[in-house]
Structure formats: C-alpha cells, structure tokens
Amino acid sequence: GQKCILTGLWRNELGSKMQIQEVKGDGTFSGEYKTAVSLARRPIQPASLNGSQHFDEAGQPTFGFTVNWKSFSDSTTVFTGQCFVDENGKEILETMWLLREKAKAPNGWEATRVGTNVFTRIKGQNV
Ligand SMILES: O=C1C=CC(=NNc2ccccc2C(=O)O)C=C1
C-alpha cells in the first residue's frame, strides 16, 4: 500500500523541523522548513518548501524538494531522497542535498555544498 506519504512533521539530525502539507494527486506538495542552523542570532523565520514525490506500491517513494532560505542568506537547498519503512512501520527519509549560496561572480568554487540528511517523523508528543 501507499505507506509513506510525506504529509506531516519531520525532523533531521540537525534538529531542523519540516512540516509538509497534503500531497496532491500528482505528487506535488508544499510546506515550511524551520532550520536549526542559526548562524545569525535573529530568530530564523520559516522558509517555504515545494516538491513532489512518487507514489510507490511498496510505499518507499522517491521525492525531491526545494527550500528557499529566508534568513541570513539568499541561498537555496534542494533535497532529493527516498522514504524507507522499517519492519515496525517506522519511516525515515534518506536524503542528499545541495546548498547554493548566492555568489558575487560565476564559477565560485565555494558556492555549492553537498551533504546527506536523514529525517524521521515527529509524532504528536515529541514535537
Ligand atoms: O539561511 C539559511 C541558509 C542555509 C541553511 N541551510 N540549512 C540546511 C542545509 C542543508 C541541509 C539541512 C539544512 C537545515 O537547515 O536543516 C539554513 C538557513
């Protein structure tokens, strides 16, 4: 069945929280990303996210989404990954991301960073 639908609250290993609204019939979704990355002291306002997922009979769809950061820099992160469901029905989102900082000039070697992130669902209580 379609076990892993991305709607709901997720947290990554940095402690950032992501809230994904209902996934449309074509797999597209929107939501908000509250980063735990606070290089600036100011309270970080939530960033919007948009993406799409596949619907997978095995319930382990691939997806991608984009986060346009609002806080200290005009930067963008794109995530792509897959939802895996373990034998107890626990879902994790294994992702890789590219973070693009706005550079002054082209070919800025320092402009793009890459990394991995794992998101787990936040159930009712442990928000
Ligand atoms: O203003 C900014 C700029 C970049 C940011 N990057 N966060 C990330 C980049 C890659 C993976 C996870 C995160 C995160 O915040 O959880 C956050 C706020």
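**Glu 94 and its surroundings**

Reader: What does Glu 94 touch, leaving out residues up to four places away in sequence?

Author: Glu 94 touches Phe 63, Thr 80, Gly 81, Gln 82, Phe 84, Asn 117 and Val 118. Contact means heavy atoms within 4.5 Å.

Reader: What kind of model is it?

Author: This is a predicted model: local features need pLDDT of at least 70, side-chain atom pairs count only at pLDDT 80 or more, and totals for chains, interfaces and linings use all residues. Residues are numbered from 1 along each chain as its sequence is written, and side-chain values use heavy atoms, with hydrogens and water left out.

Reader: Where is Glu 94 found?

Author: In strand β7, residues 91-100. Strands (E, at least two residues) are DSSP runs, numbered from the N terminus.

Reader: What separates the C-alpha atoms of Glu 94 and Thr 80?

Author: 8.4 Å, with the two residues 14 apart along the chain.

Reader: Why does Glu 94 count as partly exposed?

Author: Because its relative accessibility is 41%. Buried is under 20% relative accessible area, exposed over 50%, partly exposed in between (1.4 Å probe, protein chains only).

Reader: New topic. Which residues make the nonpolar surface patch?

Author: Val 78, Met 96, Leu 98 and Val 114, about 340 Å². Patch residues have over 30% relative accessible area and no salt bridge; nonpolar side chains (Val, Leu, Ile, Met, Phe, Trp, Tyr) are joined within 5 Å, like charges within 9 Å. A salt bridge is a side-chain nitrogen of Lys or Arg within 4 Å of a carboxyl oxygen of Asp or Glu. Areas come from the Shrake-Rupley method with a 1.4 Å probe; for residues, only the protein chains shown count as cover.

Reader: And where is Val 78?

Author: In strand β6, residues 76-85. Val 78 is partly exposed, at 35% relative accessible area.

Key: Helices (H or I, at least four residues) and strands (E, at least two) are DSSP runs, numbered from the N terminus.
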